[in-house]
Every structure is written in structure tokens, then in C-alpha cells.
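Colleague: I am new to this one. Please walk me through it, one question at a time.

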Amino acid sequence: MEAWQDRQMKQRFALLACVAVLVGCAAPKTMYTWGSYEDLIYASYAAPGSVPPERQIESMERDYQAARATNRRVPPGWHAHLGYLYYQAGKRDQAMQELRTEKAEFPESAVFVDRLLANIN
Amino acid sequence: MGTSKVVCLAALMMIAGCANQPPYDYTNYREHPPRSILVLPPLNESTAIEGTYGYLSTVSMPLAEMGYYVFPVAVVDQFLKENGMPTAGEMHEISLAKVAEITGADAVLFVTLQQYGSKYQVISTTVTVRAKAKLVDTRTGVLLWEGEATAKNGSQGSGNILADLIAAAVVQAINSKTDPAHGVSRQANSALFSTRDRGLLYGPYSPKYGKTN
């Protein structure tokens, strides 16, 4: 009786392991780490003021650490958006720093970023 | 009986096959391949005012993952507002020359939301997002691509798995409670941009750049 239960248990574990492997395979692979970027954009429009810029910055900086830890890139526009949040929070230097990073990572942004930098200055 | 059923089925399948649209003509697109896309907040023809931003906050991911530089949508929106364009309607009137001057974008994506939101019916509630879009070359004004897609609720929140995992709980609560069409927008985008032979071509940052979708 006990042996039978033991075998059933083992089978269950095996099944669980198989499912876990399949789920792992099916996980979507993206080029970039998106983190909370789009959700924060949504929240800031859907419920303006519900998440203050400081908390959005915190969330994005956390995402950035997670991206770096796994050696992955953050998406286009991401650093410019973070720069914009720093600007809203009154942190001009960090804002400019993030805008420059955007330009360095994605040269396509140069014209727009230079314009934003000129506005901040 | 059995055979006639099979024949009928085969015929139906052929009809369904014939009904497929022909592939999109990508001649202009291939002649002016954009690196960067500026997405304007969508024109909202639906009755749901939350549609504009419910949609706008789902459009960066699919375009960037297809290999394009996507300008930061909220920053662009804010910039245009501060420069005399307070509504999406006014932003859609902007001249392409002005877009090129301000942003240096290779192409502009104009999206129109035709339907956005829930329809409450006796038995169930349907959440529908219907959108059409056109991609225009900023320097020449040539139409590179246009498409249209509809998505209905089905499996909600799919496509948003990554974001859901990492996003703050407060944000998630706002998402699912107040605006279910927000999640459906992602499905609409996937149908709009990624449908084989009808969607967008891969951009330069994609490992599939130069291959058909």
C-alpha cells in the first residue's frame, strides 16, 4: 500500500516537472525588459496623480537594476521617459543624464533629445 | 454520409482559404524602410474617453519588439501639448515637415480607435477594441503601410504577462478594474502589426530584419 502511494507521488512529481519545463519553454521572449514602463504610462493618464513621479522613478530604477542583473536592455524611449519623470520631480541633473543615455543607446532619438535638453537648460 | 461530410468540410475550408486577403503590397515600405517611428496619441472615434491613453500605453512594446526605435509616447504627448496641440485631433493635423524638424522621426504612425470598451449584454459583456492605423514616411509623405484590426475580450490580460509580473500592485488594480479594454488593446495591436503578410515588416533592431513577417 505504502509503496503504491510512493509511486503515485513520484509520478505526480514527474508530471509537475514536465509541466514546469513546458511552461518555461512557452515563456515569451522579448528583446527588451519592459518592467513597469507601459503600466506607469497608463496609470499616469488613467488616474493622474495616483502614482507620484518619485514612486514611478523608484519603480523604473528597480526595473533597470533587474534588466542589468540579467544583462538585458531596456526598450527605446525608456531612458527619455525616466528623464522626463526626473524633470517632473525637479531633479534636473538626473533628467539630463537619462536623456543623454537615451541618445547614446539609441542615436535615432538625437534630434528630439537635443530639443528636450535645450528646453531643460 | 461520411464521405459527403468530408467533401463538404473540404469545400468549406477552400472557401475560407479563398476569403483570405491578398498580402499587403510592401513596395513603398521597402523603398523607405524606417528606423524610427513616432506614434501620435490615437484619434478616438469611440465613446470611451479613456480609449486614447488606454491604447497609447500599449503601442510601444509591439513596435519596439518588431525592431523599431519608438519615441517615448508620453514624453512626445507632453511635448506636443506644451507646444500648442492640446488634443490628439490637433496632433494629427501636424505637418510631416514639423515632425521631422522636432523629432527626426523616419515615420509617423497615425492610429484611429474606431471602437473601444465594453458592451453590456444580457448574457455576457463583450469588450472590443477596433483600430486602424497608417504608417507614413516623414520625408516624402508616402504611405508605407496601413491596416485595421479588431480584438474582443477572450483571454484577457494575455500579452501583458511580463508587465503583470513586475508591475506594482497598485497599477494592476487600476488596469483590470476600471478599463478592461486596455488589455484588449494589446490583442488588437498584435493582430494589427503582426499578422502574416498584412502587418508591419521587421525593423532594423530585430534579428529578423529583412525577412518577411
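Colleague: Leaving out residues up to four places away in sequence, which residues does B:Ala100 touch?
Modeller: This is a predicted model, in which local features need pLDDT of at least 70, side-chain atom pairs count only at pLDDT 80 or more, and totals for chains, interfaces and linings use all residues. Residues are numbered from 1 along each chain as its sequence is written, chains are lettered from A and ligands numbered from 1 in the order in which they are written, and side-chain values use heavy atoms, with hydrogens and water left out. B:Ala100 lies in helix α7 of chain B; helices (H or I, at least four residues) and strands (E, at least two) are DSSP runs, numbered from the N terminus. With contact meaning heavy atoms within 4.5 Å, B:Ala100 touches A:Val111 and B:Thr138.

Colleague: Is B:Ala100 buried, partly exposed or exposed?
Modeller: Buried means under 20% relative accessible area, exposed means over 50%, and partly exposed lies in between (1.4 Å probe, protein chains only). B:Ala100 has a relative accessible area of 24%, so B:Ala100 is partly exposed.

Colleague: How far apart in space are B:Ala100 and B:Thr52?
Modeller: B:Thr52 sits in helix α3 (residues 51–56) of chain B. B:Thr52 is buried, at 11% relative accessibility. In sequence, B:Ala100 and B:Thr52 are 48 residues apart; C-alpha to C-alpha, the distance is 23 Å.

Colleague: How much area do chain B and chain A bury between them?
Modeller: Buried area is the accessible area (1.4 Å probe) that two parts lose on being put together, summed over both. Here 47 residues of chain B are in contact with 36 residues of chain A. Carbon and sulfur atoms carry 67% of the buried area, and the total is about 3,500 Å².

Colleague: How many salt bridges are counted between chain B and chain A?
Modeller: A salt bridge is a side-chain nitrogen of Lys or Arg within 4 Å of a carboxyl oxygen of Asp or Glu. Between these chains, A:Glu38 and B:Arg186 meet in a salt bridge at 2.9 Å, N to O. The count between chain B and chain A is 2.

Colleague: Which element gives the most to the side of chain B that touches chain A?
Modeller: Several elements give two or more residues to that side, including α4 (60–65), α5 (73–82) and α10 (181–194) of chain B. With 8 residues, the one that gives the most is α5(B).

Colleague: What is the relative accessible area of B:Asp77?
Modeller: B:Asp77 forms a salt bridge with B:Lys81, with the closest N and O atoms 3.1 Å apart. Both lie in helix α5 of chain B, 4 residues apart, about one turn of the helix. B:Lys81 is partly exposed at 29%, whereas B:Asp77 is buried, at 0%.

Colleague: Why is α4(A) largely enclosed by the rest of the structure?
Modeller: The cover over its buried residues includes α2 (37–46), α3 and α5 (92–105) of chain A, together with α5 of chain B. Among the buried residues are A:Trp78, A:Gly83 and A:Tyr86. α4(A) is largely enclosed because of its 11 residues the number buried is 9.

Colleague: How many residues apart in sequence are the parts tied together by A:Asp114 and A:Lys103?
Modeller: The side chains of A:Asp114 and A:Lys103 meet in a salt bridge at 2.7 Å, N to O. A:Asp114 lies in helix α6 (residues 110–120) of chain A and A:Lys103 in helix α5 of chain A, so the pair ties together parts whose separation in sequence is 11 residues.
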